[in-house]
Amino acid sequence: MRYRKLGHTGLSVSEIGFGTIPILQGNVPVLPDYYNLNDEQAIEVMEFAYRLGCTLYDTAIVPEYGDAEIKLGKFARKIGREHIIISDKARFFDGSGMYEAVECSCENLGTCPDLYFVHQADFEHEEEIFGAGGAICALLELKAQGKIRFIGVASHYYDILFRAAKDRRVDVLQMSGNIFERGMLERIKEEPCFRRMGILVNKVYAAGLLPSFFTAKELVEGVLSYPVSCALIGLGTRAQVGAAFAVRQSRLPPFFKVLRTLEKQFDPIPCDRCQRCHCLYGTEIHTLFRQYHYYYMGKDYWALKKLGLGIEEAAAQCRKCRLMPCILECPNRIRIPEEMQKLVALVREHPIWGNPK
C-alpha cells in the first residue's frame, strides 16, 4: 500500500480507502440487496484491509448507510482508534441538522470522526450549506469543540466542489469519478484551487457496474493517476479487498479505449460528465446520459425509472432550443438533441412494470 497527503490537513492516508456501504446488514431504501454482513464478518473484512495497509475508512450516518457506522466504531475499538482515519458524512444542509448529525455519529462510532462531510451537496441547498447558520458553520463550531478534526463537502457537481475548494473553512472534498466518468477529475487537475485540498474519490466502480467491463486494478489505477488523495472502494468481501489492493502503478487508459470496450456491449454516449454543458431549461444532461449508460451496464430498472421521470419534457425542450449552448460547450461535441431522442426511445420501448431487479 502506498500513502498520499490529504491536502493541507497534515494527514497521510492510504491511497485506497474502505467504503463501508457493502458491510451494512439489512436493506435501506436506496441501498438494497447488499451482503448482509453481521458484526463479526464486517470487522473481519475491515481488519483484512487494515492488514494490507488500509488506513482510511469512509462511512455515513446510520439512516444513510444502515448500521455500517456502528460496525466501523466497533472495528476502530478493536484495532486501536489511533491507527485509522475515519471519514463520516450526513445529508443535512442546515446548521442545526448537521450539528445533531455529528453528535449522533460520535455516539454511534464511540469516538469522534476525523473528517466529516456535508453529503450530497447540490445547487438546491447551496446557499443554505455555505451561508450563515448553514452546515459548514455548524461543522466549524464542532471542529473548534474537538468533535471533528476536518470539514468536508461531498458532491457530484463540479461547481459545488469548486466553490468548496475556494472556501477556506473547507479542508477536504469527496467527489465521484472513474475511468469512464472522468470529466470532473480532468477539470480539478487543471484548476489551482484544488491543489490545497484533500480529495477522496467515490464511484470508482460506477456503483459496481464497471467491473463487468474492466478489472479492479484498471479501475483503481486509472483514478489514482489523478492528483487525488484516496480512491474509495465499496468493499464487502476479502476477495474484493484483495482485487482492489492489487494496484502497482497509476495508469489511465485513453478515453477512446474505454469507449471501445463499452462498445462491445452497447452504444455509449461519449460523455465523460465534465459538466461543462449548460442547458437553458435546467436539464442535467450529464445525469441523464449517466442513467442511459447505467441501464446498459446492468442497473436497468433503477436507471430506466429515473430516466422516465422527466425525459419526455427534457427532450421536447431540447428540440425547440435554437441556441444550443450545450453543444458549443461540450468538448466532445456530442450531438445532444439527437442523443436525447435516443433516451426517449429507450424509455418508450421499455415501460416500467413489475418489481426492481
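**Reading cavities, strands and buried residues**

Me: With 3 residues, α14 gives the most to the lining of the largest cavity. How many cavities does a search of the whole structure find?

Reply: The model is a predicted one, in which local features need pLDDT of at least 70 and side-chain atom pairs count only at pLDDT 80 or more, whereas totals for chains, interfaces and linings use all residues. Residues are numbered from 1 along each chain as its sequence is written, and side-chain values use heavy atoms, without hydrogens and water. Rolling a probe the size of a water molecule over the atoms shows where empty space is left. Here the search finds 3 cavities of 30 Å³ or more, and the largest of them holds about 120 Å³ of space. A cavity is a set of points, on a 1 Å grid over the protein atoms alone, where a 1.4 Å probe fits but cannot get out; a pocket is an open set with protein on both sides within 12 Å along at least five of seven lines, and lining residues have an atom within 4 Å of a point. Points are joined across faces, edges and corners, and a volume is the space filled by probe spheres set on them.

Me: Which residues and elements line the largest cavity?

Reply: Its lining consists of 15 residues, of which C279, Y281, C318, C321 and C326 lie nearest the centre. Two or more lining residues come from each of α14 (311-320), α15 (325-329) and α16 (336-349); helices are DSSP runs of H or I with at least four residues, strands are runs of E with at least two, and both are numbered from the N terminus. The second largest pocket has a volume of about 220 Å³ and is lined by 14 residues, with F123, C277, H278, E284 and H286 nearest its centre, while α7 (158-166) and α12 (285-297) each supply at least two residues of that lining.

Me: In what order do the strands of the barrel follow one another?

Reply: The barrel is closed by 8 strands in the order β3-β4-β5-β6-β7-β8-β9-β10, with parallel pairing, where two strands pair if DSSP finds at least two bridges between them. β4 (residues 56-58) and β5 (residues 85-90) are joined in the parallel sense over 3 bridges, and Y57 stands opposite I86 in β5. On to the next strand, β5 and β6 run parallel and are joined by 4 bridges, with S87 having L115 in β6 as its bridge partner.

Me: Which way do the side chains of β6 point?

Reply: In a regular strand the side chains alternate between the two faces of the sheet. In β6, L115 and F117 point one way and Y116 and V118 the other, and all of them are buried.

Me: Is D114 buried or exposed, and with which side chains does the side chain of D114 make polar contacts?

Reply: D114 lies in the loop between α4 (95-109) and β6 (115-118), and it counts as buried because its relative accessibility is 4%, buried being under 20% relative accessible area, exposed over 50% and partly exposed in between (1.4 Å probe, protein chains only). Its side chain makes a polar contact of 2.8 Å with the side chain of R81, and another of 3.1 Å joins it to the side chain of R149. Such a contact is a pair of N or O atoms within 3.5 Å; within protein, one must be able to donate a hydrogen and the other to accept it, and residues adjacent in sequence count only if both atoms are side-chain atoms.

Me: What does M46 touch beyond its neighbours in sequence?

Reply: M46 is in helix α1 (residues 39-51) and counts as buried because its relative accessibility is 0%. Residues up to four places away in sequence being left out, M46 touches F18, I23, Y57, K71, L72 and F75, contact meaning heavy atoms within 4.5 Å. M46 and T237 are 191 residues apart in sequence, yet 9.0 Å apart in space, C-alpha to C-alpha.

Me: Which residues of α8 are buried, and against what do they pack?

Reply: In α8 (residues 183-190), the buried residues are G183, M184, L185, R187 and I188, and they pack against α7, β8 (172-176) and β9.

Me: Where are K203 and Q275 found, and what is the phi of each?

Reply: Most residues other than glycine have a negative phi. K203, in the loop between β9 and α9, has a positive phi of about 60 degrees although it is not a glycine, and K203 counts as partly exposed because its relative accessibility is 30%. Q275, in the loop between α11 (255-262) and α12, has a positive phi near 70 degrees, but Q275 is buried, with a relative accessible area of 8%.
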